[in-house]
Amino acid sequence: MMQETNQSFVAEFILLGFSFNPSTTPLLFSAFLMTYLLIILGNGLITILICLDSHLHTPMYFFIGILSILDVGYTTTTVPQMLAHLASQKKTISFASCVAQMYIFLVLGIMESWLFAIMSIDRYVAICHPLRYKVIMSPWLCGVMVIFCGLWGVISALVYTVFAMRLPYCGSNKINHFFCEVPAVLKLACADTSVNDRVDFILGFTVILVPLSLILVIYVNIFIAILRIRSAQGRLKAFSTCASHITVVTMFCVPAMVMYMKPGSEASLEEDKKLALFYNVISAFLNPIIYSLRNKDIQRAFLKVTGWGRAFQGRTAGEQRSKTHDAPSMP
């Protein structure tokens with residue numbers, strides 16, 4: 001819809017979403033709906049387990065719980081709207097809703113980027129200073145670091161959003177994306193976006209490249225410390241602890257860095273949609289799997305909270321007693 005003041009401006013946008021054959025819409029809707037429900041279930045379950053099981057009240061699981069909450073919020077900002085647009089012919093979003101979606105998405109994404117850096121610090125202290133771990137990673141320090149993530153996300157996202165939405169949008173209102181992401185929206189601006197490119201690059205440096213560099217430096221030190229461990233089992237356990245974090249960081253930060261730090265003139269909207277889908281939906285879907293399938297603490301907590309652990313132990317004990325009773329006695 002176009003409205004007239006001194007100059008015409010866009011009052012709403014049309015989200016074009018993915019380019020696909022209309023006959024595949026039901027299949028895509030079902031796939032995205034199932035993925036979203038599994039994201040809610042997986043991340044929600046991890047958060048609940050961490051809250052209920054006192055054995056998981058440690059800095060590492062505190063940060064994993066925050067990550068799960070961010071993943072749920074991150075995907076809820078975009079996926080329900082995408083599902084609504086797949087299910088109906090109306091694919092519009094108001095200007096104000098577009099701004100709100102852009103801002104919330106950026107806040108949560110920037111918080112997650114810095115949270116990964118904080119989680120690497122936690123792993124460094126746990127591996128390199130195990131005896132002082134609980135003293136250094138105190139609840140107070142963990143809370144302060146999460147608050148820092150939140151404040152940095154709020155401020156950086158505000159700068160991103162203000163610089164993007166201060167531009168005039170007076171031409172086409174069709175966004176070639178499945179949600180209001182900065183690079184896609186800037187394509188519709190009726191003004192020079194070179195200043196935005198510079199701002200995006202500088203902010204991308206502080207919210208993606210700096211935490212990624214910090215993670216890299218920390219893990220170099222962690223690997224040096226791991227190689228000094230004499231026990232092969234100890235080295236394997238330390239590497240296993242770090243592997244999950246490295247995998248999750250790579251899935252999230254690398255696509256986001258490619259998306260936000262390249263000049264707008266070089267942006268391929270179809271590639272950008274695939275990248276956004278990867279770090280917005282796929283990473284949030286895989287995070288609970290990566291952190292739970294190989295994590296015995298999470299598995300034990302699940303069995304304990306559901307009561308299945310007691311049932312399993314009782315059945316095992318019963319089988320052992322039965323075997324003992326049935327065994328022939330020694331003459």
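Analyst: Among contacts (heavy atoms within 4.5 Å) between residues at least 6 apart in sequence, 78% join residues at least 24 apart. This is a predicted model, in which local features need pLDDT of at least 70 and side-chain atom pairs count only at pLDDT 80 or more, while totals for chains, interfaces and linings use all residues. Residues are numbered from 1 along each chain as its sequence is written, and side-chain values use heavy atoms, with hydrogens and water left out.

The chain contains 12 helices and five strands; these are DSSP runs numbered from the N terminus, with at least four residues of H or I for a helix and at least two of E for a strand. Of its 331 residues, 44% are buried. Buried means under 20% relative accessible area, exposed over 50%, and partly exposed in between, for a 1.4 Å probe and protein chains only.

The open sheet has three strands in the order β4-β3-β5, with mixed pairing. Its edge strands, β4 and β5, each pair on one side only. Two strands count as paired if DSSP finds at least two bridges between them. Strand β3, residues 12-15, pairs with β4, residues 92-94, in the antiparallel sense over three bridges. With β5, residues 174-175, strand β3 runs parallel, and two bridges join them.

Ile-14 shows how the strands are linked. Its bridge partner in β4 is Thr-92, and in β5 its bridge partner is Lys-174. The next residue, Leu-15, has Ile-175 as its bridge partner in β5. Helix α4, residues 95-128, packs on the sheet and touches β3, β4 and β5. The direction of α4 makes about 85° with that of β4; this angle lies between N-to-C directions on a scale from 0 to 180 degrees, using axes fitted to C-alpha atoms, for helices over the stretch in contact.

The side chains of β3 alternate.

A salt bridge requires a side-chain nitrogen of Lys or Arg within 4 Å of a carboxyl oxygen of Asp or Glu, and the whole structure has three. In one of them, Lys-304 and Asp-53 have their closest N and O atoms 3.6 Å apart. Lys-304 lies in helix α11, residues 296-306, and Asp-53 in the loop between α1 and α2, so the pair ties together parts that are 251 residues apart in sequence. Lys-304 is partly exposed, at 42% relative accessible area, whereas Asp-53 is buried, at 4%.

Helix α11 also holds Asp-297 and Arg-300, three residues apart, about one turn of the helix. Their side chains meet in a salt bridge of 3.0 Å, N to O. Asp-297 is partly exposed at 34%, and Arg-300 is exposed at 51%. The pair Asp-122 and Arg-123 has its closest N and O atoms 2.9 Å apart. Here Asp-122 is buried, with a relative accessible area of 1%, and Arg-123 is buried as well, at 10%.

Residues up to four places away in sequence aside, Met-259 touches Glu-181, Pro-183, Asp-272, Leu-275, Ala-276 and Tyr-279. The C-alpha atom of Met-259 is 9.5 Å from that of Lys-273, which is 14 residues away along the chain.
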